[in-house]
Amino acid sequence: MAPSTPRVVVKVDLKKKPWEQEQPLHNRWHPEIPSVAQVKAGEFFRVEMIDCMAGTVKDNSSSADIKHADLSMSHCLSGPIRVVDEDGVAAKPGDLLAVEICNLGPLPGHEWGFTASFDRENGGGFLTDHFPCATKAIWYFEGIYAYSPQIPGVRFPGLTHPGIIGTAPSMELLRIWNERERQIEENGVKPFSLCEVVHQRPLANLPKAKGCLLGHIDKEAPEWERIANEAARTLPGRENGGNCDIKNLSTGSKIYLPVFVEGANLSTGDMHFSQGDGEISFCGAIEMNGFLELKCEIIRNGMKEYLTPMGPTPLHVNPIFEIGPVEPRFSEWLVFEGISVDESGKQHYLDATVAYKRAVLNAIDYLNKFGYSKEQAYLLLSCCPCEGRISGIVDSPNAVATLAIPIAIFDQDIRPKTRKVPSGPRIVRKPDVLKSTYDGKLPITKNPSCST
């Protein structure tokens, strides 16, 4: 007998706000957020999700929705989903939850997405000191391929994946998260030399009631304010998986998630049609509304058996990811290198983040020579299937990072070649990305060797 159609356990209505959904969404991690559905191990089920900005970014000719985005509302997740075994016994703390991605894609009738960079003083990004303005590009999907009117001459297959998938933290793990992230925020930038080079702020996103959605916990409930001021933001990846942004986590992949609360309370969201390694523009993948079709297994006592704590408690573990067999095939790449020397010429010690920033800047300036604006190149490298690597981490004082771009995604040959280079300013391919003005006062970094 053929397998049954997956049961829809979380359905979204894109005409409604996140808090208006029949199964309300949540955008925080907390053990007391109640489950909205239950599945059995081995069951084939479907989860629908809204995009990372909860439907506020529109398919239009303006980037104002990015510039004025309410980032306290981001990452509205579908779930939590309680997982039980074939006998109805819930997953227990200490188990592993094996989650297999059987199928995924955009929601029918919504075959489009967006890539953006936030305003420097409202979210920022990896290169916010070079690109302070809010920008946006719209992408349209043709089956497995994506193209953008704002970045002409590029078409590539997407490797669709969930940006966020994770289990609920226990109360003890939640306290660990909030304490260590609060120390970063309260200590400021002085103890962290990297903050001089990577200008994204704030340093951590601590619990705040503003914009908080707690699923079935009503805002009028007596416990709402307490939980809202404890619940962790979904922005970083943590021990529970969460916002891991692994671009290869597509069809056929399996995630082995630690279980911290009874039932595991699995949640997912932030669907991406495609992403470049690092998601450098922050709102950087091709963000979209989408669905996952999943199966779960419970590996009893799997945390102790397979995960070694890298910290002071048994909770300091991380998931394991098994990448599936489906991905785009490219045979020719152009690779850009960066080292641990920042744009001012300052030497940093084995700093892979500085090295990756240099590799990305080198790639952006290179693509600018082929008619792309630097903003177009920035957004493209955030969402196309490019490969980032830490190529060297032991040879003092320079870490070496590389960024490999598949040549085949362009409609022109972007390799260096013997040719007469025209004098004068480069002609930018029109149209350009949608761009807002930057009205803030923070200083902007410019490459001292570059005239543009």
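1. Interface area. In this predicted model, domain 1 and domain 2 bury about 3300 Å² between them. Of that area, 66% is on carbon and sulfur atoms. The domain assignment of the protein chain places domain 1 at 7-322 and domain 2 at 333-435. Their C-alpha centres are 28 Å apart, and the contact draws on 44 residues from domain 1 and 38 residues from domain 2.

2. Polar part of the interface. Three salt bridges are counted between domain 1 and domain 2. For polar contacts, the rule finds 21 residue pairs across this interface, both residues being at pLDDT 80 or more. On the side of domain 1 that touches domain 2, at least two residues each are supplied by strand 7 (112-117), strand 8 (135-142), strand 10 (155-157) and strand 17 (282-287). Strand 8 gives the most to that side, with four residues.

3. A specific ion pair. Glu387 forms a salt bridge with Lys247, and the closest N and O atoms of the pair are 3.0 Å apart.

4. Three strands form an open sheet in the order 20-22-21, with antiparallel pairing. Strand 20 (333-339) and strand 21 (387-392) are the edge strands, each pairing on one side only. From one strand to the next, the twist averages 25°. Helix 5 (residues 352-368) packs on this sheet and touches strand 20, strand 21 and strand 22. The direction of helix 5 makes about 135° with that of strand 20.

5. Which residue of strand 22 stands opposite Gly388? The residue is Leu403. Strand 21 and strand 22 (residues 400-406) run antiparallel and are joined by five bridges. The loop between strand 21 and strand 22 contains Pro397, and the peptide bond joining Ser396 and Pro397 is cis, with omega about 0°.

6. Six strands form an open sheet in the order 1-4-18-6-15-19, and here the pairing is mixed. Strand 1 (7-10) and strand 19 (320-322) stand at the edges; each has a single partner strand, so one side of each is left without a neighbour in the sheet. The twist of this sheet averages 30° from one strand to the next.

7. Strand 6 and its partners. How many bridges join strand 6 to strand 18? There are 10 bridges between strand 6 and strand 18 (residues 290-299), and the two run antiparallel. Within this pairing, Ala98 has Glu297 of strand 18 as its bridge partner. Strand 6 (residues 96-106) is also joined to strand 15 (residues 254-258), by five bridges and again in the antiparallel sense. There, Val99 stands opposite Ile255 in strand 15. In a regular strand the side chains alternate between the two faces of the sheet.

8. Strand 15 and strand 19 pair in the antiparallel sense over three bridges. Lys254 stands opposite Glu322 in strand 19.

9. The structure holds 26 salt bridges. One of them joins Arg82 to Glu262, whose closest N and O atoms are 3.4 Å apart.

10. Most residues other than glycine have a negative phi, and most peptide bonds are trans. The peptide bond from Gly79 to Pro80 is cis, with omega near -5°, and Pro80 is placed in strand 5. His75 has a phi near 60°, a positive value in a residue other than glycine. The place of His75 is in the loop between helix 1 (64-67) and strand 5.

How values were computed:
Residues are numbered from 1 along each chain as its sequence is written. This is a predicted model: local features need pLDDT of at least 70, side-chain atom pairs count only at pLDDT 80 or more; totals for chains, interfaces and linings use all residues. Side-chain values use heavy atoms; hydrogens and water are left out. Two strands pair if DSSP finds at least two bridges between them. Axes are lines fitted to C-alpha atoms, for helices over the stretch in contact, and angles run from 0 to 180 degrees between N-to-C directions. Contact means heavy atoms within 4.5 Å. Domain bounds come from an automatic or database domain assignment. Buried area is the accessible area (1.4 Å probe) that two parts lose on being put together, summed over both. A salt bridge is a side-chain nitrogen of Lys or Arg within 4 Å of a carboxyl oxygen of Asp or Glu. A polar contact is a pair of N or O atoms within 3.5 Å; within protein, one must be able to donate a hydrogen and the other to accept it, and residues adjacent in sequence count only if both atoms are side-chain atoms.
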